[in-house]
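Hi everyone, thanks for coming.

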Amino acid sequence: MDISSVLGLFNYWIVIVLMMTGFYIVIARGNLIKTVIGLNIFQISVFLLYITMGRMEAGTAPIIQKTAEVDQAYSNPLPSVLILTAIVVGVATTALALALIVRIREDYGSIEEDDILALDRES
Amino acid sequence: MIEQHLPVLVVIVPLIAAPLCVFLFNRTLVYLFALATCWATFGLSLFLLAKVLQTGPISYELGNWPAPYGIEYVADYLSTFVMSFVTGIAAVVLTYAPRSLNEEVDPSRHYLVHPMYLLCLSGLLGICITGDLFNVFVFLEISSLSSYALISLGRSRRAPLAAFQYLVMGTIGATFLLIGIGLLYQLTGTLNMADMATQLGDDHGSRTMLVAFAFMTVGLCIKMAVFPLHTWLPNAYTYAPSIVTAFIAATATKVSVYAFIRIVYSIFTPQFAFDVHGLDVFLTAFALIGIFVASTAAIYQVNLKRLLAYSSIAQVGYMLLGISMNNQDGLTSGIVHMFNHAVIKGGLFLVVGCFALRLSSVRLEDLRGASRTMPWTSFAWVLGGLGLIGVPLTAGFVSKWLLLTAALDNASYLVAGLMLLSSLLAVVYVWRVVEILYFSEPSEAVKSSREAPWSMLVPTYLLIIGILVFGVWTSYSVGIASQAAQALLGGSP
């Protein structure tokens, strides 16, 4: 694999780094807000994966114009559209997660998972 | 006219009814509206099932866009079968709901329960009927998000935490599924399941395909609560309001199993999953370990809901065993067990709801001697427990018998032996509760309690008697399931 193909896959490297970062935060952090942030980073890496696959070099928006050249390349708009749906789902998930955290904090007075579990063990 | 649009109506009716519920401020009105919607959806899906049995699979093009480009809904044997029992249980559980909700959910939040319930139902039905892979993800998230919200409505302060933990696990699972779908789209350029299957064809070597399959399998295993990815389930089932537990336990994991069957059998083909990559060995191993670990854990529980939750994890193992056998009988038994377990677990959780209403507790020590004051509820537990163990003449026996004969046909004697052994564990945890109900001195709470109201006992017995009926009359469950299995296996080369 030469340097240009490594650089050519730049987006995919970013996807992998973000995905692992997000996933690690979800697993390793006990703070509930940080868990949600990790979850968001994890989801966003997937959004990037989709958007990257729809894009091609020298591709334009898929609108045929009268003056267009015959061999004009077009980018695939579908992945972006799919990801628009996934973003909405992601926002809804985050909103629900934050609402749950508010209720957890009202009940326990903490958003650290260790503290909450300790409180539960006492009761 | 209506008949032609049946496949989409089943999903659309609860989906549209859900936001309308929020606008009806009167609590009784909201309940009646939601109840009517549930029973209407049940009727529609039975109608659809009858039509499919008569004429064969129906394909419906949303907005008249032709199939590989537009979204296609496919009503075949398997999807309509799953939809019919999901809607049936949703309707019965909601009929049972009002008394239980009054007791277990804050009155100011009642108007939120019904829309969420309908949204969850609509999401589950959408997963079943859609023929478009991205649609599966969207419907999965619709049903999951509403079920997180439903679980968080429990009175205990642990309910929001349990919902949060489920949300984190569930979102990871759904995102894994999304990654898999993306990679498959990259490979084939289509999202339509049938089209995707033809495009993938016999090409079993591609690394991308393997990675996509791995992500989707793990993602769905989280949703199915396969051991060791089951950690979200016990808390979620324990702290949710009883009717939510009954509904989700009976339907949500089954629909995830359905999605898994679709992906393995209709898209990737069993040759790819089982013969080339040996997934059946892993699935069988995890299923068996899960059955033993979860059943053993169930024996030691002191909370009745948590006991049933662990038993649910074990029961998913039996479904996976059937699916991973990769033959007609095995697959049939897996599908039948989805149905039987939905009826049994739904019924048992409704019994638990009756205890929770009268005793305000589901801890075993508070249930001591409950058969004296609540004979009908206690007897329902006995019948449901027999079904869970798989005693002859109950529904549980039918699916376990099929699974056993399939295992013996496959010459996997070890699996068959371990399966029988694991049923003994079920005997232990069911009997433990029966002993407490019937052969202990009544506790103070029990002495002063009464039998559960008829409005709750009748729906409970509807499901409990269903266990007995489907243990004897198998032409509905086994008949359709074997047709579905045949279609799934015949469709793949």
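What percentage of the 493 residues in chain B do buried residues make up? They make up 62%, where buried means that 20 or more other C-beta atoms lie within 10 Å of a residue's own, exposed means 12 or fewer, and partly exposed is in between, with C-beta atoms placed from the backbone.

A quick word on the ground rules. This is a predicted model, where local features need pLDDT of at least 70 and side-chain atom pairs count only at pLDDT 80 or more, while totals for chains, interfaces and linings use all residues. Residues are numbered from 1 along each chain as its sequence is written, and chains are lettered from A and ligands numbered from 1 in the order in which they are written.

Let's stay with chain B. It has 20 helices and two strands; these are DSSP runs numbered from the N terminus, H or I of at least four residues for helices and E of at least two for strands. Its C-alpha trace spans about 65 × 55 × 40 Å along the principal axes.

Now the contacts, meaning pairs of residues whose C-beta atoms, placed from the backbone, lie within 7 Å. In chain B, 80% of the contacts with a separation of 6 or more are between residues 24 or more positions apart.

Next, the inside. The largest nonpolar core has 221 residues, and those touching the most other members include B:Val82, B:Val93 and B:Phe247. Helix α10 of chain B, residues 242-276, gives the most to this core, with 21 residues. A nonpolar core is a set of buried Ala, Val, Leu, Ile, Met, Phe, Trp, Tyr and Cys residues joined through C-beta atoms within 7 Å. Not counting residues up to four places away in sequence, B:Val82 touches B:Cys128, B:Lys254, B:Val255, B:Tyr258 and B:Met338.

Let's zoom in on one residue. B:Gly346 is found in helix α13 of chain B, residues 328-359. Why does B:Gly346 count as buried? Because B:Gly346 has 30 C-beta neighbours inside 10 Å. Leaving aside neighbours within four places in sequence, its contacts include B:Val93 and B:Leu463.

Over to chain A. It has five helices and zero strands. The C-alpha trace of chain A spans about 75 × 35 × 10 Å along its principal axes. A compact globule of 123 residues would have a radius of gyration near 14 Å, but chain A has 21 Å. Buried residues make up 23% of chain A.

Finally, where do the chains meet? The contact takes 26 residues from chain A and 22 residues from chain B. On the side of chain A that touches chain B, the largest share, 14 residues, comes from α4(A). The residues of that side divide into 19 nonpolar, four polar and three charged. Here Ala, Val, Leu, Ile, Met, Phe, Trp, Tyr, Cys and Pro count as nonpolar, Asp, Glu, Lys and Arg as charged, and the others, Gly among them, as polar.

Technical notes
Contact = placed C-beta atoms within 7 Å. Rg over C-alpha atoms; globule rule 2.2 N^0.38 Å.
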